[in-house]
Amino acid sequence: MTRVVDISNLDVTFATDGGGVAAVDGVSFTVDSGEVLAIVGESGSGKSVTAKSIIGLLPETATTTGAILLNGREVVGLTGEKLRSIRGTDAAMVFQEPSLALNPVFTVGWQIMEGLRAHKGVSKKEARAKAIDMLARVGIPDPEKRIDYYPHQFSGGQKQRVVIAMALVLEPELIIADEPTTALDVTVQAEILDLLRRCRDEFGAAIILITHNMGIVADLADRVAVMFEGKLVEEAPVAKLFASPEHPYTQKLLAAVPRIGTGGARAKARVDARVAAGTVNTDAPVVVAQDLVIEYPGRLGRGGFRAVDGVSFTISPGEVLGLVGESGSGKTTIGRAIGGLTKITGGSLQVLGHEMLGIKERAFKPVRSDIGFVFQDPASSFNPLLTIAECVAEPLIVHGKARDARSARPRVNELLEAVQLPRTFGDRFPHELSGGQRQRASLARSLALEPSLLIADEPTSALDVSVQARVLELFSELQKEFGFAALFISHDLAVVDMLSDRIAVLFHGRLVEEGTGSDVLGAPQHPYTQRLLASLPVPDPAEQALRREQLHALKAAE
Amino acid sequence: MSTTTETAEPRRRVTLWQRLPVVHQLRQSVGLQRGMLIAGLIITGIFLLTAIFAPLIAPYGFSQLRDADGVSFGAQVPPGGAHLLGTTVGGYDVLSRVIWGSQTALGVIVVAVVLSIFAGVILGLISGYIGGWLDRVLVVIADAVFAFPTLLLAIVAAIAISGGQSSLFGGILAAAISITVVYIPQYFRVIRAETVRIKSEAYVESAKVVGSSTGRIMFRHVLRNATRTLPLLFTLNSSEAILTLAGLGFLGFGIQPTAAAEWGYDLNRSISDVTSGIWWTSVFPGLAIVLVVLGITLVGESLNDLADPRLRTRRKASAVPAPTAETSAVLEGTDPNS
């Protein structure tokens, strides 16, 4: 065990238009070889900045003070050639988005050899042999051939493997992995985490893992450092941190993580309430999809891309259907089709009694007042030049319920209060609100006309865990109060489980499984659902170790 | 967001004056960028004042050949005495021609830029938002106009509009329209590109889901967000417009000397003077063109740099502890006001 990184009293300050902002404030920690230190925190907590300062990747506007010892060498203040010599050889970085970290016009082999050429001065032949060896070790099949492939010929998970191979090729003592799996699907994430674990065990590298996902921490980390507003608030071995978190912030953070299996009771309570009220299955369903097909037109001479292929489901009034699937499974496309944003090309989709196949915008417009839509990205779902009140008033004005934003204001205030935002927020501009506040305002806008159907497209995936918990709670309260039916789209099984009465699982445009939460998550039938469920890391190190074994067994059986 | 911003703490409102395009950038700038911007603003300011107060500043009229007593100025009189900058070969006072020329230049810029902005923005918005065959046709036309040398196109337009010669107003309009023809495609392309980008933003889709009409989406949501780069394009095009106008005048397609003063025309008249050592007839109109173009370009380039956060220089962060970044945290959920 040697000490690889020793950071003491690190401060990083950024120059901004509004003066200096301290991003990291007096942080100290160490990492030894063969150890995985997870830095956990929410967006803006300074975790990425801390890690990037180790290899001097901060922009010019940053001022760094304190001491960072990398293999006993002081890094703060290094520039030019000296800084370049430690990058790659002493410390390497794995980035969040593998498709952006690879240059699309060079082969992956060229990019892996780039580091060797820059630092070691090896011959072309040796470098190539080394690159092939590296690709094989990160689990790329057929490396002799695929070394000459371009990045677009690999899948997302394979691209991340290539990025890890690039980081490993110079055998650095330290690997900094900045949210290495955030851009990947859950099933791929599990494989990349396995690979990182092998990096530690086989290469003896120290790993600094930056993440906001407590499940990943439980899966991979040996020690955990929790950051909050630029300060390190708690540092503990992983088992201790999960068993007995000391700092109140850590406790809140852990409590906010959604866990599978908590939703069943809630869903049952909701169903019971509806049975008692006698509304269950009495009305016609609000959405009926029958062999729904949605194709995107291909280029000239090529066939279209079938995003949704023969999907059938119904949503009854007041019911929440959770739609789960990985990227490219067609879940967003279905949501957009119901909202009238994407045309359907086959089968039948009835929304509030209107057949969507070949419908004209003019005929659909009156129906729109009965449909609410919450978008994924809270940053772009509001017109940046209008105030929140004007944005929330838009549906009221368009459908003639109010003449202008001023006369709609009383109703807007009511709505803001319903989503627990102070009414003074109506006068603010979208960029003056945090992500969670904006998403709540987005809920207010979608509920302005009291729709009977709400489509929520990954409404919490861009939010921090604690904020997500708050928004989800609000969503379920509003659903109880307004009684709308909802299609809740998410890639996160735990989130869907919390809210949904029924869950539908999509895989490559097909519906592979549908049922109540306890059916689908308790006893999954389809192999894909089983794998999806087993891949989801749970925020408990001991349980996660067991689940990892199960996943390996499941894979071996396939 | 921490709780402090959610409580009733009075918010720091930026006044309307501070949010005005150029004023906002001036407050934001530091160092060399600030120097460039201020130098540009001063030169442009002098140009504007000269143009507005030309009748008060200029000692003589632009087409005046004799003083109040009816005595002729005389041709090619060297600087000094009654004629601070001398007289031209045609017997005009150089200083007066330079001062009056700023008025013509300003008029042409304003008319040309206003015309091309309105036409370009509306066409770009419709083309970008509606798309389809209309978009393709407009883009092809814009590309075709781009492919012509701008001066040639302006000459053709000038001849077509005025037959080459005309009065003050007609001359200004002809020059302005010929410049407009060249610049419409620029505004068109910029606005169209922004519109295509904004069209896929979530807030436009959200307006669609709500059921807003196409016109409402185009003008309320897309247009206002697409016009951010216009002040920049506006300043850069103004300087190009002056050059085009001077080029037209130099080639003899501008405004007659009796109708208005025009720097390009004066330069043309002074070609033969240069070889015979008469420098004052060419230097001063030329200097006027160079300075105005420089001033407006400095403003435009500074605005361009300041608009891009990566090019913008900032005051160095001080070593003293700064306030910690406000992060969205657990506190997010606790609303004191609800």
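Two strands count as paired if DSSP finds at least two bridges between them. Strands here are DSSP runs of E with at least two residues, helices are runs of H or I with at least four, and both are numbered from the N terminus. The model is a predicted one, where local features need pLDDT of at least 70, side-chain atom pairs count only at pLDDT 80 or more, and totals for chains, interfaces and linings use all residues. Residues are numbered from 1 along each chain as its sequence is written, while chains are lettered from A and ligands numbered from 1 in the order in which they are written.

Strand β6(A) (residues 91-94) pairs with β7(A) (residues 174-178) in the parallel sense, over four bridges. Ala91(A) has Leu174(A) of β7(A) as its bridge partner.

Strand β1(A), residues 3-16, is joined to β2(A) by eleven bridges, and the two run antiparallel. Along that pair, Leu10(A) sits opposite Val27(A) of β2(A). Axes are lines fitted to C-alpha atoms, for helices over the stretch in contact, and angles run from 0 to 180 degrees between N-to-C directions.

Chain B is another story: it has 15 helices and zero strands. Of its 338 residues, 43% are buried. Among chain B contacts (C-beta atoms, placed from the backbone, within 7 Å) with a separation of 6 or more, 72% link residues 24 or more positions apart.

One helix pair in chain B deserves a look. Helices α6(B) (residues 94-130) and α7(B) (residues 132-147) pack at about 135°, their axes 7 Å apart. That makes α6(B) oblique to α7(B), since angles under 35 degrees count as roughly parallel, over 145 as roughly antiparallel, 65 to 115 as roughly perpendicular and the rest as oblique. Leu123(B), Ser127(B) and Ile130(B) of α6(B) make the contact with Gly132(B), Leu134(B), Asp135(B), Leu138(B) and Val139(B) of α7(B).

Methods:
A residue is buried if 20 or more other C-beta atoms lie within 10 Å of its own, exposed if 12 or fewer, and partly exposed in between; C-beta atoms are placed from the backbone. Two residues are in contact if their C-beta atoms, placed from the backbone, lie within 7 Å.
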